[in-house]
Number of protein chains: 2
Amino acid sequence: MAHVPGDRAPGTGEDARVARTRADVARAALKVLTVEGSDAVTHARVAELAGYSKTTLYTHWPARVDLIVLALDALGELPHHDRTGDLRTDIVGELQAFRGGITEMRLDRILTGMAQWASVEEMREIRDKINTSGQGQMRAMLGEFLDGVELEAALSMLTGVVACPSIMFGTLPNDDVIAAAVDIVLRSADPGKSSKR
Amino acid sequence: MAHVPGDRAPGTGEDARVARTRADVARAALKVLTVEGSDAVTHARVAELAGYSKTTLYTHWPARVDLIVLALDALGELPHHDRTGDLRTDIVGELQAFRGGITEMRLDRILTGMAQWASVEEMREIRDKINTSGQGQMRAMLGEFLDGVELEAALSMLTGVVACPSIMFGTLPNDDVIAAAVDIVLRSADPGKSSKR
């Protein structure tokens, strides 16, 4: 496995092969995590789906949590709403984008899978990074009219309107429930102003 | 294993032995689930902790999901706040009780563990029942001044103010964040009335 720099053209040979294996296994691990759930993420199952030997997987990623960490490498961009400038429209749109991410990317399984492995320090750091990034746009929008404990409360509340039904009951809020949640926050912040609905 | 009714005094012999085994294994499975996480709930680990053989566990509970279902049998009453009659105090108290349940009973691991196994129909039913029961008191209180989509939104939002930080970041809201969340909902429902804070 010794590698002498410059003994091959860039992007070929050992390095390229390892990178390709890594990408293949990451995609397979993410697929198992999101389609079958985190409990199904085993060396045997991921190896089978990726088309590599279990030995190869154990060599590079000895623990099951390594496969979960690797899967998150393949997650890519989280879905966000393109802002229009109208705050109510944009907050509703961001929650709808989160809801779409649960349907299309199974972000609910990503969330609970990351939570389950959070006793591992490396996983905890990745979880915090992914979840902070996921909430970033919503935090910025709410920060335009809230701060301090009200901002923290509203951020968890609006995340919860999509995440809680999904994690607790396997259901998703319809557009009316999402709009009602956003109006509760907006109306509360500006009690003199009536709802736009 | 044949059992002739009436051949033993009630509560002794085979039936009592099975009931005792079941209770012992349920407690051990719940402990593994809440202390070590749902991934650790294996026949080997639960048998070890309960002091029974793996064969005994496989005979009665052949699949890992059976052990999770069994663990939930031992969960007992979910924590709730004793109502005082003052709505704001009681909603805040109920959220603090939920927060206490995460600290003391690791309800966050129960929640994510149930979500992870929800592809199994039996588990889905138990999850829905436990979560519906968990939210029952909050739903009744919010139902005193909200209905329809506003009630559904507020219920998920207030659940989320405790559940989301816990599942996403392993943190819990302090009393000020909980109070802010409750005031957002109360102020929004009665925009003419200023916050009691």
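## Salt bridges within chain A

In this predicted model, the side chains of Glu48(A) and Arg45(A) are joined by a salt bridge with an N to O distance of 2.6 Å; the term denotes a side-chain nitrogen of Lys or Arg within 4 Å of a carboxyl oxygen of Asp or Glu. Because Glu48(A) and Arg45(A) lie 3 residues apart in helix H2 (residues 43–50) of chain A, about one helical turn separates them. Helices are DSSP runs of H or I with at least four residues, numbered from the N terminus. Over all chains, the whole structure holds 28 salt bridges.

## Interface between chains A and B

Contact (heavy atoms within 4.5 Å) links 42 residues of chain A with 42 residues of chain B. The buried area between chain A and chain B is about 3,700 Å², with carbon and sulfur atoms giving 64%; buried area is the accessible area (1.4 Å probe) that two parts lose on being put together, summed over both. Met157(A), Met168(A) and Phe169(A) account for 18% of the area that chain A buries against chain B, more than any other three residues.

Between chain A and chain B there are 4 salt bridges. Asp39(A) pairs with Arg64(B) in a salt bridge whose closest N and O atoms are 2.6 Å apart. On the side of chain A that touches chain B, H8(A) gives the most, with 17 residues. That side comprises 21 nonpolar, 11 polar and 10 charged residues, where Ala, Val, Leu, Ile, Met, Phe, Trp, Tyr, Cys and Pro count as nonpolar, Asp, Glu, Lys and Arg as charged, and the others, Gly among them, as polar.

## Crossing of the H9 helices

The axes of helix H9 (residues 175–189) of chain A and helix H9 (residues 175–189) of chain B come within 8 Å and cross at roughly 80°. Axes are lines fitted to C-alpha atoms over the stretch in contact, with angles from 0 to 180 degrees between N-to-C directions. H9(A) and H9(B) are therefore roughly perpendicular, a class covering 65 to 115 degrees. Residues including Ile184(A) and Arg187(A) in H9(A) meet residues including Ile184(B) and Arg187(B) in H9(B). This contact has 4 nonpolar, 2 polar and 4 charged residues.

## Basis of the values

Residues are numbered from 1 along each chain as its sequence is written, and chains are lettered from A and ligands numbered from 1 in the order in which they are written. In this predicted model local features need pLDDT of at least 70 and side-chain atom pairs count only at pLDDT 80 or more, whereas totals for chains, interfaces and linings use all residues; side-chain values use heavy atoms, leaving out hydrogens and water.

Notes. Helices (H or I, at least four residues) and strands (E, at least two) are DSSP runs, numbered from the N terminus. Angles under 35 degrees count as roughly parallel, over 145 as roughly antiparallel, 65 to 115 as roughly perpendicular and the rest as oblique.
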